[in-house]
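Hi,

Here's the structure I promised to pass on. Have a look first, and my notes follow below.

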Amino acid sequence: MCTSIVEIAEAEGMAKRGDEWFPLSQAVVAYDHARHVSAGDVITLDFFNTSLGADARAAVEITLESAKALRAALDRAIAAAEYEEAEVRGKGAPALARAA
Amino acid sequence: MAFWFRGMTCENVTLKGDKGTPITAYVAKPTGVSGKVPGVVLVHHLPGWDDYYMEMTRRFAHAGYYAICHNLYEREGGQNNPDDVAAKVRADGGIADAQMVGDTAAAVAWMRAQPECNGKIGIIGTCSGGRHAYIYACQKKDVDACADLWGGRVVMAKETLNAKTPVAPIDMTKDLSCPLLGLFGNDDRAPSPEEVNQHEAELKKLGKNYEFHRYDGAGHGFFYWHRPLYREEQAMDGWNKVWAFFGKHLAK
């Protein structure tokens, strides 16, 4: 919390802890002190269900560079998914802009 | 420190925290000491009531202090893994400063009630705990020395204030009730060297009893031996500054 860089989004889906899957309520993105990666500060992604207790959490810590690569991969996958969705629903697919 | 190894006893106790909520505290009491000893209240850092802080609590007992470290995150998960609990606290926007003061007052009162305590109590924290220790020493008058180790967000922009942190700690400085030790790394960004300078200027302006030490080649958390942030030379010197400061202000 020393950096105060925290972003929170509602999340609908499931996440895995150990052998168990649990329903999600929110995703939290922060840039803060690393606890596991051998680095000073890292991007942390926490997927929670706040109604299930503190241990209903799936977490990763990744370097800033890895986070940028992940964001680019998400952007590509989401763009392709939206194209697919539009085709399936017969609403006409927009031109797919592919990232280099 | 003498070349012998003092014994200690450690246990968990339950305190009546802010608004009477039960919270757990880890205490370490030095044994084989004649007479009464000073007390130290440790305010844990953002990663929570964790292994590092339990070890730091024992380190104070080893040095002859009766030490207590209370769990500020008890309400968010109590006995759960500190890592998960701290993540939840982060998602919730941290804990309220007022609640922290109430919980810490309970730890100070517990220590003051111990027959082995000499009546002098120091407070120390690192990271968010440094900020919290400073707030406590400004809002209460029952500690005799305060050590703020790289506490971030002492200087806060107005737009970052909220219901949990309604007042920037730097604006509480006029009420600082005891001597202050500050240790900072010059490569830190939270607090940045500029923010440390602002804090020092305020202390100086108000004629407060303080000593700040700044370390080149160190950033945030340079005492954390288990993290790549660790800086051996600066950490060892910093610990010596802590022993000298508490030794001077908590003796009776």
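Before anything else, keep in mind that this is a predicted model.

I started with helix H1 of chain B, residues 51–62. The buried residues in H1(B) are Tyr52(B), Tyr53(B), Met56(B), Thr57(B), Phe60(B) and Ala61(B). Just past H1(B), Gly64(B) adopts a positive phi of about 100°.

Now chain B as a whole. It has six helices and eight strands, and along the sequence they run β-β-β-α-β-α-α-β-α-β-β-α-β-α. For 252 residues a compact globule would have a radius of gyration near 18 Å, and chain B comes out at 17 Å, so that agrees too. Along the principal axes, its C-alpha atoms fill a box of roughly 50 × 35 × 35 Å. Of the 252 residues, 51% count as buried. If you take contacts in chain B between residues at least 6 apart in sequence, 69% of them join residues at least 24 apart.

Last, the contact between the chains: 25 residues from chain B meet 22 residues from chain A. On the chain B side, helix H2 (residues 82–91) gives the largest share, with seven residues. By class, that side has nine nonpolar, 10 polar and six charged residues.

Cheers

Terms used: Residues numbered from 1 in each chain as written. Chains lettered and ligands numbered in written order. Predicted model: local features only at pLDDT ≥ 70, side-chain atom pairs only at ≥ 80, totals over all residues. Contact = placed C-beta atoms within 7 Å. Helix = DSSP H or I, 4+ residues; strand = E, 2+ residues; numbered from the N terminus. Nonpolar A, V, L, I, M, F, W, Y, C, P; charged D, E, K, R; others polar. Buried ≥ 20, exposed ≤ 12 C-beta atoms within 10 Å, placed from the backbone. Rg over C-alpha atoms; globule rule 2.2 N^0.38 Å.
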